[in-house]
Amino acid sequence: QVQLVESGGGLVQAGASLRPSCAASGGTFSDYAMGWFRQAPGKEREVVAATNWNGDRTYYSNSMKGRVTISRDNAKNTIYLQMNSLKPEDTAVYYCAARTRGCLNCMYIQAEDYTYWGQGTQVTVSS
C-alpha cells in the first residue's frame, strides 16, 4: 500500500510560480509510474503531467505544456511539479497519483489507470 502526501500549493498572483511536491511511503518508489492531476470546481479531474519510473519519459497536457515540469527523485521518494506563469484558470486542487509501472517506458494519462492518490493540495491563482 502506497501513501501519497502532497504539499506546496498556495495562493499566488497570475504569473507566479509554484512547486508542489508529493512524498510517497509504503512501497518501493521506483516500482511506480507517477502522475499529477488537477480538478477545478464543477469540472472533471484532468491530467497535468505524467512520468515513468525513473523520470526519463514525461507527458504534459496541452493546457500546461511549456509552463510545467514534472520531475522525480527516487532517492527521496518524491515527485515535483514545477509550475510557472500561472494563470487564474490553473486554479484547482492538484493531486499526485501512483500505479505500478507496467514497463520501463510506461506513462499513464488516464485517472482510471492509477491506483493510489494523495489528498490533494489547493492551488489558487488570482488575477
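This is a predicted model: local features need pLDDT of at least 70, side-chain atom pairs count only at pLDDT 80 or more; totals for chains, interfaces and linings use all residues.

User: What makes Arg-38 count as buried?

Analyst: Buried means under 20% relative accessible area. Arg-38 comes in at 7%, so it counts as buried.

User: Why is the contact between Arg-38 and Glu-46 called a salt bridge?

Analyst: The cut-off is a side-chain nitrogen of Lys or Arg within 4 Å of a carboxyl oxygen of Asp or Glu. For Arg-38 and Glu-46 the N to O distance is 2.6 Å, so the pair passes.

User: What about Arg-38 and Asp-90?

Analyst: That pair is a salt bridge too, at 2.9 Å, N to O. Arg-38 is in strand E4, while Asp-90 is in the loop between strands E8 and E9, 52 residues apart.

User: How do you know that Asp-90 is buried?

Analyst: Its relative accessible area is 1%, and the limit is under 20%. Asp-90 also forms a salt bridge with Arg-67, 2.7 Å from N to O. Arg-67 lies in the loop between E6 and E7, so this pair ties together parts 23 residues apart in sequence. Arg-67 is buried as well, at 10%.

User: What makes Arg-38, Glu-46, Arg-67 and Asp-90 one network?

Analyst: Their salt bridges share partners, and that joins the four residues. The structure holds three salt bridges.

Conventions: Residues are numbered from 1 along each chain as its sequence is written. Side-chain values use heavy atoms; hydrogens and water are left out. Buried means under 20% relative accessible area, exposed over 50%, partly exposed in between (1.4 Å probe, protein chains only). Helices (H or I, at least four residues) and strands (E, at least two) are DSSP runs, numbered from the N terminus.
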